[in-house]
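User: I have not seen this structure before and would like to go through it with you. Please show it, and I will ask as we go.

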Number of protein chains: 2
Amino acid sequence: MLNFEFLNPTKIIFGKGSHKQVGQQVAQYSHNVLLHYGGTFLKSSGVLTEITTSLKQAGITYTELPGVVPNPRLSLVHQGVALCREKNIDFILAVGGGSVIDSAKAIAAGVPYTGDVWDFYSSDKRPETMLPVGVVLTIPAAGSESSDGTVITNQQGPYKRSFVSPLAFPKFAMLNPELCYTLPANQIAAGGADILAHVMERYFSRTPNTDMSDRLCEGTMKAIMSNVPKALQNPQNYDTWAEVMWAGNVAHNGLLGKGKQEDWASHAIEHEVSAQYDIAHGAGLAIIFPAWMKYVYQEDTSRFVQFAVRVLGVDLPYQNPDAIALEGIRRVEAFFKSLGLATTFTQAGIGDEHFALMAERACGNGTQGSFKKLNKQDVMAIFELAK
Amino acid sequence: MLNFEFLNPTKIIFGKGSHKQVGQQVAQYSHNVLLHYGGTFLKSSGVLTEITTSLKQAGITYTELPGVVPNPRLSLVHQGVALCREKNIDFILAVGGGSVIDSAKAIAAGVPYTGDVWDFYSSDKRPETMLPVGVVLTIPAAGSESSDGTVITNQQGPYKRSFVSPLAFPKFAMLNPELCYTLPANQIAAGGADILAHVMERYFSRTPNTDMSDRLCEGTMKAIMSNVPKALQNPQNYDTWAEVMWAGNVAHNGLLGKGKQEDWASHAIEHEVSAQYDIAHGAGLAIIFPAWMKYVYQEDTSRFVQFAVRVLGVDLPYQNPDAIALEGIRRVEAFFKSLGLATTFTQAGIGDEHFALMAERACGNGTQGSFKKLNKQDVMAIFELAK
């Protein structure tokens, strides 16, 4: 196990009706806030009214900035920064999923910064201060509600880039499973793939002696794989969503990777796919991750055997570890397919025209990942496996 | 799943040599601290010198208060409170295991309080403010290094009582597995039993639909049960201690019981045993917990079947759930025995002379536990099963 530090400072408020008390939480930080969200559905569903009612009851002035889209845009972030400065806003309330939260974090970093907030995404520069952010989560997927990361797309490129900073942890995150009842199937599926991928990025590590961490990851993956299909089948079930929402949070709150070197190559590669084709991050991961697994598993077959046996119940003769590992990978692919996700580029309608560009940008001047350090040629090979 | 809130504010600093940087952590809070610990072994091993060297390098003045014993005493807490007031000390650094940490928390609660700190342990009164506490952990067991609880023994009774408060979370906890190398076998065993019990108190719940939480508990229990025996066999192995220390922390940091009603009857009953006979808490749990299991399992046999199958690998015909549940309980008892612990009162040299008094005090005017609400007669029956 490697040395580590761990502290997740985001207060989780989990349960039925929690978002109706959001005003009380926000009032601890500010009375002049930006209310940041996506489309019009929040309005028509009545959730936005419940939130604004709570804000008003707590004496909070709010300015709305809707319009966040999947793969959230730098252009809207710039608008948000200008709006906050104009109105002396000092708190961002994000109502939505990972895209809204990441956009909120970007605005929070941009307001007190004299340069362009893109600096933090495109270089090693990190914010010295950020406005506080609060979250009402409506889509369990990205885990951004209590993570230290944010991912933004700059359409001039296009580039999809991220940064992490301890300042980017939200102050609080309200997780009400009832808000998931209306999610469309494609978002449920992509969200489930993203949650599973967050655990797999941590699980597939070359660090030896990580038994406790392995066990936590394995348990979380089992919970994800048994509950996401149930959410798809019956999206109005509170108990199922409670499992998915809690698993989605734990999957990315930092705990599951402590003491080990994490990988994150599949995420980095997928960001290039989303940047080029604007597909949902989770949908892209369902294509990239199985191909990555096939390409790298022989670096440490025993880890893929452990995964196959413990998480997926593969029960084949131990004499042939490769067969066990490959059966595990096949089952991950089958899981994604069972959610209705494409697991190849062809199925997703994506050709090979940008393979070289995406591989180039994924690796920059170096490599990606740690289970196997991947250079451009490796990423190209993964793209070929994912064709 | 029940509604819940979760935030653990203790910063975990985990790894080799971490305690040698304790001065830097303490300096963020105070430069005049109480250095609270147990016996002379810390001195002879050189660990105390490494800590005081780090404190001096950070310009920190410290006053030593050694002498904490297992089942830590109110009398020493009173001394600590007086000492801190006399010297205007405003931070307590605990170096040790649960007893030292709990004693430190008691002093931290007592210093700013005008009454007797025992009020917090003997009534519903809770501290309005506490001094900050930091921890260098030397015994993985109690989980007090990042919990909100403290347990103290008042020899006038004798009573062993606890309180929980969000103010009781330490500011930081330094976990260096190397400090466990010199633990004697009885402390390793009792600590392992305590850690496992912390998870079982959360796992054996009647709250339905707690899949994610179950999985995390199950994984943690597997890590504990596979690593504690290894620590006993080879106490100089860093990797084994790293697993035990990390599992011991996660077992009691609050995460594993979120969204469910926890039990805690075995802990409450055991506190009365420790109060009367001054045995180690974990050693008492090895006697009480198997008896509690036998007494309550039929309240929800399915939960004990799940435990037996998933955690302990019991592989018997599903037609007879009682047989599976009982085999699981037998294996828990066998696990405690394998650590060298007594699993009956008789083996521990304890007679039945205080059964009635202990049952009376464990229940007070009400009941204990939630998996089955236990009254005095129930506790007496558990004592009989543990004879």
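User: Where is B:Pro158 placed?
Analyst: B:Pro158 sits in chain B, in the loop between β7 (149-154) and β8 (159-164). Helices (H or I, at least four residues) and strands (E, at least two) are DSSP runs, numbered from the N terminus. This is a predicted model, in which local features need pLDDT of at least 70 and side-chain atom pairs count only at pLDDT 80 or more, while totals for chains, interfaces and linings use all residues. Residues are numbered from 1 along each chain as its sequence is written, chains are lettered from A and ligands numbered from 1 in the order in which they are written, and side-chain values use heavy atoms, with hydrogens and water left out.

User: Cis or trans, the peptide bond from B:Gly157 to B:Pro158?
Analyst: That bond is cis, and its omega is near -15°. In chain A, the bond from A:Gly157 to A:Pro158 is cis, with omega near -15°. A:Pro158 lies in the loop between β7 (149-154) and β8 (159-164) of chain A.

User: Through what surface do the copies meet?
Analyst: They meet through the same surface, because 100% of the interface residues of chain B are also interface residues in chain A. Contact means heavy atoms within 4.5 Å.

User: Turning to sheets, what is the order of strands in the one that includes β1(A)?
Analyst: It is an open sheet of 7 strands with mixed pairing, in the order β1(A)-β2(B)-β9(B)-β6(B)-β5(B)-β3(B)-β4(B). Two strands pair if DSSP finds at least two bridges between them.

User: Which strands stand at the edges?
Analyst: They are β1 (4-6) of chain A and β4 (61-65) of chain B; each has a single partner strand, so one side of each is left without a neighbour in the sheet. Neighbouring strands of this sheet are turned by 15° against each other on average, direction ignored.

User: How many bridges join β6 to β9 in chain B?
Analyst: There are 4 bridges between β6 (residues 133-137) and β9 (residues 172-175) of chain B, and the two strands run parallel. B:Val135 stands opposite B:Ala173 in β9(B).

User: Which strands does helix α3 of chain B lie across?
Analyst: Helix α3 (residues 47-57) of chain B lies across β3 (32-37), β4, β5 (92-96) and β6 of chain B, and runs at about 175° to β3(B). Helix α5 (residues 98-110) of chain B also lies across β3, β4, β5 and β6 of chain B, running at about 165° to β5(B). Axes are lines fitted to C-alpha atoms, for helices over the stretch in contact, and angles run from 0 to 180 degrees between N-to-C directions.

User: And what is the strand order in the sheet that includes β1(B)?
Analyst: Its 7 strands form an open sheet with mixed pairing, in the order β4(A)-β3(A)-β5(A)-β6(A)-β9(A)-β2(A)-β1(B). The edge strands, each pairing on one side only, are β4 (61-65) of chain A and β1 (4-6) of chain B.

User: Lastly, where is B:Asn88?
Analyst: B:Asn88 is in the loop between α4 (74-86) and β5 of chain B. Its phi is near 55°, a positive value in a residue other than glycine. B:Asn88 is exposed, with a relative accessible area of 61%.

Key
Buried means under 20% relative accessible area, exposed over 50%, partly exposed in between (1.4 Å probe, protein chains only).
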